[in-house]
Amino acid sequence: MQLPITFEDLIEEANQLNLYKKLILQINKDFLLSNIDLDFHEDILPSSLKFLLHETVYKLIQEKFNEYLNLLYIVDVPEKDVKALNGEDTLKLSEDVAFLILKREWQKVWFRNKYF
């Protein structure tokens with residue numbers, strides 16, 4: 001599996017495979033497991049998804065760091081990927097982490113669709 005490099009690539013691939021709604025459901029499932037009160041509607045626009053996910057990650061980093069770490073654990077974002085990010089600018093860091101979360105959620109949906 002070749003992971004998408006940009007948010008737009010990820011959304012395009014999800015739409016081409018008719019898996020966008022399953023991606024949203026997977027995100028909702030993992031946020032619920034993480035006890036984070038965020039529930040995306042299945043028909044959310046990709047731009048809104050990107051914005052709300054970014055905003056949520058930013059707030060978690062700033063105000064609820066333990067919940068942020070728990071989310072990364074539940075989603076199963078690779079620790080090495082998070083450590084490779086530049087943490088000097090929290091706004092940029094939260095954007096990058098939001099994309100890492102999306103990529104990992106996409107992997108789960110793609111693998112489930114392909115092999116199950």
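Student: What conventions apply to the numbering and the values?

Tutor: Residues are numbered from 1 along each chain as its sequence is written. In this predicted model, local features need pLDDT of at least 70 and side-chain atom pairs count only at pLDDT 80 or more, while totals for chains, interfaces and linings use all residues; side-chain values use heavy atoms, with hydrogens and water left out.

Student: Which pattern does the chain follow along the sequence?

Tutor: Helices (H or I, at least four residues) and strands (E, at least two) are DSSP runs numbered from the N terminus. The chain has six helices and zero strands. Read along the sequence, the pattern is α-α-α-α-α-α.

Student: What is the radius of gyration of the chain?

Tutor: The C-alpha trace spans about 35 × 25 × 25 Å along its principal axes. The radius is taken over C-alpha atoms, and the globule rule is 2.2 Å times the number of residues to the power 0.38. The chain is as compact as a globular protein of its length, because the rule gives 13 Å for 116 residues and the radius of gyration is close to that, at 13 Å.

Student: Is Tyr 68 buried or exposed?

Tutor: Tyr 68 lies in helix H4. Leaving aside neighbours within four places in sequence, Tyr 68 is in contact (heavy atoms within 4.5 Å) with Val 57, Leu 60, Ile 61, Val 82 and Val 97. Its relative accessible area is 4%, so Tyr 68 is buried.

Student: What distance separates the C-alpha atoms of Tyr 68 and Ser 34?

Tutor: Ser 34 is found in the loop between H2 and H3 and is buried, with a relative accessible area of 2%. Not counting residues up to four places away in sequence, Ser 34 touches Asn 70, Leu 71 and Ile 74. Tyr 68 and Ser 34 are 34 residues apart along the chain, and their C-alpha atoms are separated by 8.8 Å.

Student: Which helix gives the most to the lining of the largest pocket?

Tutor: On a 1 Å grid over the protein atoms alone, a pocket is an open set of points with protein on both sides within 12 Å along at least five of seven lines, and lining residues have an atom within 4 Å of a point. About 220 Å³ of space lies in the largest pocket, whose lining divides into three nonpolar, two polar and six charged residues. With five residues, the most is given by H3.

Student: Which helix gives the most to the lining of the second largest pocket?

Tutor: About 150 Å³ of space lies in this pocket, and its lining includes Ile 5, Phe 7, Lys 50 and His 54. H3 and H6 are the elements that give two or more residues to the lining. With six residues, the most is given by H6.

Key: On a 1 Å grid over the protein atoms alone, a cavity is a set of points where a 1.4 Å probe fits but cannot get out, and a pocket is an open set with protein on both sides within 12 Å along at least five of seven lines; lining residues have an atom within 4 Å of a point. Grid points are joined across faces, edges and corners, and a volume is the space filled by probe spheres set on the points. Ala, Val, Leu, Ile, Met, Phe, Trp, Tyr, Cys and Pro count as nonpolar, Asp, Glu, Lys and Arg as charged, and the others, Gly among them, as polar. Buried means under 20% relative accessible area, exposed over 50%, partly exposed in between (1.4 Å probe, protein chains only).
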